[in-house]
Amino acid sequence: MRRLVRTMVIPFFMALFPAVWYINRNVTTERLPPYTEPTTELVAIAIGAAVFGSTVFAAVVALFRQQRSETEQYTLPYRQRVFQPDDTALAVFAIFIAVSLVWALIEMAGFGPAWLGELLQIMLTPIAIPLVVLAPLAIQFHWAVILGLVLCVLWMSLLGTVFSDIVHHRSLPLLNN
């Protein structure tokens, strides 16, 4: 059961990040029809639906990966570890998610002091590298924003896995050559 839950974490956030972006974009703006008043109840229902949908997506992906990993003999260990992080990598990933959540609450919802949001934005810049790289495309293409958000989640997981390897004195795949 623990392996199944661990397999669900990364796909859950891969679905949740774009869903929250859609909620922020569609529910809280007057530019996109149909305009609705962004009430607390509407935003809470939308976030609840996003969490539920992300959980269902993560469960389906986890079940698929579990079946696939039993039949695949030559799975790359590092790729598998990015999608199934160990405890240390998961803790680092959780810290990244917590910082992102606090930043989002300050910047998008207006909770907390603005200076803290600016400080957290600086801290999140290395995590947002995939989104920054895709920014020229994201200006024109909607799919680039979604891809950037999904890649940010994978990037956070990869950074957590690399940190875990450094802490546990494992060799990094790029340094083995």
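1. In which helix is the place of Thr7? In this predicted model, Thr7 lies in helix α1, and because its relative accessibility is 4%, under the 20% cut-off, Thr7 counts as buried.

2. The surroundings of Thr7 can be described through its contacts. Leaving out residues up to four places away in sequence, Thr7 touches Ala62, Arg65, Phe83 and Gln84, and with Gln84 there is also a polar contact, made from side chain to side chain at 3.1 Å.

3. Helix α1, which spans residues 2–27, also matters for the account of the largest nonpolar core, a set of 30 residues. At least two residues of this core come from each of α1, α2 (40–71), α4 (87–107), α5 (114–124) and α8 (142–167), and α1 gives the most, with 11 residues.

4. Within that core, the residues that touch the most other members are Ile10, Phe13, Phe17, Phe93, Val153 and Met156. For Phe13, once neighbours within four places in sequence are set aside, the contacts are Pro18, Phe93, Ile97 and Val153. As a general background, nonpolar side chains tend to be buried together in soluble globular proteins.

5. A separate point concerns the surface, where Leu137, Phe141, Trp143, Leu147 and Leu151 make a nonpolar patch of about 420 Å². Helix α8 gives the most to this patch, with three residues. Leu147, one of the patch residues, is found in α8, and it counts as partly exposed because its relative accessible area is 35%, which falls between the 20% and 50% limits.

Key:
Residues are numbered from 1 along each chain as its sequence is written. This is a predicted model: local features need pLDDT of at least 70, side-chain atom pairs count only at pLDDT 80 or more; totals for chains, interfaces and linings use all residues. Side-chain values use heavy atoms; hydrogens and water are left out. A nonpolar core is a set of buried Ala, Val, Leu, Ile, Met, Phe, Trp, Tyr and Cys residues joined through side-chain atoms within 4.5 Å. Buried means under 20% relative accessible area, exposed over 50%, partly exposed in between (1.4 Å probe, protein chains only). Helices (H or I, at least four residues) and strands (E, at least two) are DSSP runs, numbered from the N terminus. Contact means heavy atoms within 4.5 Å. A polar contact is a pair of N or O atoms within 3.5 Å; within protein, one must be able to donate a hydrogen and the other to accept it, and residues adjacent in sequence count only if both atoms are side-chain atoms. Patches are made of residues with over 30% relative accessible area and no salt bridge: like charges are joined within 9 Å, nonpolar side chains (Val, Leu, Ile, Met, Phe, Trp, Tyr) within 5 Å. Accessible areas come from the Shrake-Rupley method with a 1.4 Å probe; for residues, only the protein chains shown count as cover. A salt bridge is a side-chain nitrogen of Lys or Arg within 4 Å of a carboxyl oxygen of Asp or Glu.
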